[in-house]
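Please look through the model below from one end to the other.

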Amino acid sequence: MNQIDTPLIVTAFTPLAGLCGGILIGLSAVLLMGGLGRVAGISGIFGSLLGRWQPDSAWRLVFIVGLLAGAILTSLLGGFDSDSMAFPGNPLSTVLGGLLVGLGTAIGNGCTSGHGICGLARLSVRSMVSTAVFMFFAVATVYMMRHVIGA
């Protein structure tokens with residue numbers, strides 16, 4: 001299969017949903033920073049729950065449950081059709097991908113939400129570099145998957 005025979009993959013353009021989601025993410029980051037003085041970095045919040053129960057574990061658990069509840073609520077309210085969603089990964093690639101993301105967040109001292117949302121808002125140079133690296137590899141991965149490997 002060559003470049004011409006490759007099927008066109010189109011992603012729906014949903015600016016209103018993106019705007020609403022961005023506002024909610026920004027609002028939650030501001031509330032968490034203003035209320036608890038914490039950065040809304042999901043890998044750090046989740047990672048801290050994997051160890052011993054700490055005095056601040058309760059808000060972390062509520063935050064993670066809220067993320068999951070938001071996705072479930074959006075599905076129930078018709079925000080997306082969960083039946084039409086497909087996950088093409090197999091168990092090995094899923095576990096490997098998860099380990100690589102975990103390794104990357106450990107090496108980078110944070111994840112895309114911590115650096116890209118909170119760090120950029122604070123004008124952190126480390127977060128600017130990290131976000132640029134995330135974006136470069138995201139673009140490179142999509143290019144490789146769609147145009148080189150053909151997956």
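How do the residues of the lining of the largest pocket divide into nonpolar, polar and charged? The lining has 11 nonpolar residues, six polar ones and no charged ones. In this count Ala, Val, Leu, Ile, Met, Phe, Trp, Tyr, Cys and Pro are nonpolar, Asp, Glu, Lys and Arg are charged, and the others, Gly among them, are polar.

Some ground rules come before the rest. The model is predicted, and local features need pLDDT of at least 70, side-chain atom pairs count only at pLDDT 80 or more, and totals for chains, interfaces and linings use all residues. Residues are numbered from 1 along each chain as its sequence is written, and side-chain values use heavy atoms, with hydrogens and water left out.

The largest pocket has a volume of about 530 Å³. A pocket is found on a 1 Å grid over the protein atoms alone: it is an open set of points where a 1.4 Å probe fits, with protein on both sides within 12 Å along at least five of seven lines, and lining residues have an atom within 4 Å of a point. Grid points are joined across faces, edges and corners, and the volume is the space filled by probe spheres set on the points. Of the 17 lining residues, Gly 21, Leu 24, Ile 25, Ser 28 and Leu 67 lie nearest the centre of the largest pocket. Helix 1 (15–36), helix 3 (57–76) and helix 5 each supply at least two residues of this lining, and helix 1 gives the most, with seven. Helices are DSSP runs (H or I, at least four residues), numbered from the N terminus.

Helix 1 itself has 22 residues and reaches 31 Å from its first C-alpha to its last, close to the 32 Å expected at 1.5 Å a residue. The expected span is 1.5 Å times one less than the number of residues. Just after helix 1, Gly 37 takes a positive phi of about 70°.

The largest nonpolar core has eight residues: Ala 29, Leu 32, Ala 40, Ile 45, Trp 59, Phe 63, Ile 64 and Cys 118. Helix 1 and helix 3 are the elements that give two or more residues to this core, and helix 3 gives the most, with three. Such a core is a set of buried Ala, Val, Leu, Ile, Met, Phe, Trp, Tyr and Cys residues joined through side-chain atoms within 4.5 Å. Buried means under 20% relative accessible area, exposed over 50%, and partly exposed in between (1.4 Å probe, protein chains only).

The second largest pocket has a volume of about 440 Å³. Its lining has 17 residues, and Leu 100, Val 101, Gly 104, Phe 134 and Phe 137 lie nearest its centre. Helix 4 and helix 6 are the elements that give two or more residues to this lining, and the largest share, nine residues, comes from helix 4.

Phe 137 also belongs to the one aromatic pair in the structure. The ring centres of Phe 136 and Phe 137 are 5.1 Å apart and their planes are at 85°, so the pair is edge-to-face. Rings of Phe, Tyr and Trp (its six-membered ring) pair if their centres lie within 6.5 Å; planes under 30 degrees apart count as stacked, over 60 as edge-to-face and the rest as tilted.

Two loop residues remain. Asn 109 lies between helix 4 (91–107) and helix 5 (112–121) and has a positive phi of about 55° although it is not a glycine. Leu 123 lies in the loop between helix 5 and helix 6 (125–149), with a positive phi of about 60°.
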